[in-house]
Amino acid sequence: MADLATKYMGLELKNPLIAGSCGITSKVEDIIQLEQAGIAAVVLKSIFEEEILNEASFDLKEAENNKFIYTQLSETLDYIDVHTKEKRFSNYLNLIKEAKSKTLIPIIASINCITDSEWIEYAAKIESAGADAIELNIALSPMDINLKDADKIIIRIIKKVLKAVKIPVAVKIGECFTNLAGTILEIDSSGVAGIVLFNRFYSPDIDIYNLDIVTGRKLSCDTDYLKPLRWIALMSDRIKCSIAASTGIQDSNTAIKQILAGADAVQIVSAIYLNGKEYITEILTGIEKWMFEKGIFSVQQFKGLASYKKATNPSVYERIQFMKYYGRIV
Ligand SMILES: Cc1cc2nc3c(=O)[nH]c(=O)nc-3n(C[C@H](O)[C@H](O)[C@H](O)COP(=O)(O)O)c2cc1C
């Protein structure tokens with residue numbers, strides 16, 4: 001029997017599959033079903049900094065009337081509801097408590113934040129409610145032309161949260177950084193227990209017939225796993241904290257690839273939306289089958305085998321390949 005156990009942020013997981021933060025992880029009934037299907041841990045739907053502070057300053061109606069603004073901010077607007085905001089945080093704490101009391105898997109709370117302001121004290125309340133860990137989705141907008149020293153802001157937020165809680169903290173980032181490798185190394189040395197590569201940003205689209213801005217693809221597609229794969233392979237040997245792969249992992253093959261690159265765990269969201277919760281069992285069976293065929297007995301045995309340092313041909317992860325394939329004059 002294959003040993004699928006892994007360790008992520010110091011948490012013992014029965015297998016590497018984590019349900020990433022999304023609508024499905026906002027209801028206890030769904031979390032129970034995810035556990036029944038075999039998921040090893042769940043990242044709850046994020047609570048947004050604006051909700052916590054109850055001080056969102058934009059007018060929902062005005063934003064809805066202005067489609068350009070609405071589309072840019074829709075990730076946040078999704079959560080803005082002036083009438084219910086006050087109750088939201090206590091509802092969130094109740095979600096943590098109930099999920100903990102009705103399941104046996106680690107429950108990771110998620111905070112979507114953009115500053116290091118006074119909301120940080122709420123991280124301690126999340127810890128007291130019983131969360132096993134916290135994932136910070138630090139959502140600094142790459143579109144913000146006034147944003148300076150993004151790395152410093154991220155490290156400041158992390159340091160404050162780490163001071164406030166004892167449970168492990170992970171950071172989920174996107175890939176839009178001037179020096180992504182440097183940012184990942186800085187985050188690692190800040191003392192976090194894990195890093196999630198990568199967050200998927202919502203992208204609006206344009207309807208060329210109605211000349212209108214429309215909702216872009218909400219779910220990832222099955223080639224989106226390549227970006228996290230490359231960066232996990234490049235960085236996994238160089239950082240101490242755990243790594244969770246996120247974005248585009250839609251089957252057992254892509255989950256296996258991320259672990260081969262060096263991921264300790266794999267977060268899935270779109271795969272569950274597209275195929276239902278029972279699909280988790282199929283992914284796990286696929287991983288076991290592959291391990292059996294390769295004569296591999298444990299996840300530990302193949303984790304990182306294709307990382308930059310361990311790969312037999314590490315140059316495939318580098319820029320040289322770009323020059324080789326696209327730099328030729330044809
Ligand atoms: C409907 C939906 C809601 C989401 N809500 C959140 C959220 O609240 N917080 C967060 O960090 N990520 C959120 N995400 C992003 C996912 O956690 C994940 O990073 C992204 O979907 C890429 O993974 P996937 O390719 O497996 O879908 C959401 C994604 C979807 C599709």
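Helix α10 (residues 252-261) packs on helix α12 (residues 279-294) at an angle of about 60 degrees, with the axes 8 Å apart. The model is a predicted one, in which local features need pLDDT of at least 70, side-chain atom pairs count only at pLDDT 80 or more, and totals for chains, interfaces and linings use all residues. Residues are numbered from 1 along each chain as its sequence is written, and side-chain values use heavy atoms, with hydrogens and water left out.

- Axes are lines fitted to C-alpha atoms, for helices over the stretch in contact, and angles run from 0 to 180 degrees between N-to-C directions.
- The crossing of α10 and α12 is right-handed.
- S252, A255, I256 and L260 of α10 meet I283, G286, I287 and W290 of α12 (contact means heavy atoms within 4.5 Å).
- By class, this contact of α10 with α12 has six nonpolar, two polar and no charged residues.

**Second largest pocket**
- The volume of the second largest pocket is about 370 Å³ (on a 1 Å grid over the protein atoms alone, a pocket is an open set of points where a 1.4 Å probe fits, with protein on both sides within 12 Å along at least five of seven lines, and lining residues have an atom within 4 Å of a point).
- Its lining has 20 residues, of which L147, A150, D151, C176 and F177 are the closest to the centre.
- Two or more lining residues come from each of α7 (150-164) and α8 (180-189), and α7 gives the most, with four.
- The lining divides into nine nonpolar, five polar and six charged residues.

**Packing of α7 and α8**
- The angle between α7 and α8 is about 20 degrees, and their axes are 10 Å apart.
- α7 and α8 are therefore roughly parallel to each other.
- The crossing of α7 and α8 is right-handed.
- In α7, D151, I154, I155 and I158 meet T183, E186 and I187 of α8.
- The contact of α7 with α8 has four nonpolar, one polar and two charged residues.

**Backbone features in loops**
- The peptide bond from L197 to F198 is cis, with omega near 0 degrees; F198 is placed in the loop between β9 (194-197) and β10 (205-207).
- M9, in the loop between β1 (6-8) and β2 (11-13), has phi near 55 degrees, a positive value in a residue other than glycine.
- Helices (H or I, at least four residues) and strands (E, at least two) are DSSP runs, numbered from the N terminus.

Key:
Left-handed = near helix turned anticlockwise from the far one by under 90°. Nonpolar A, V, L, I, M, F, W, Y, C, P; charged D, E, K, R; others polar. Points joined across faces, edges and corners; volume = space filled by probe spheres on them. Parallel < 35°, antiparallel > 145°, perpendicular 65-115°, else oblique.
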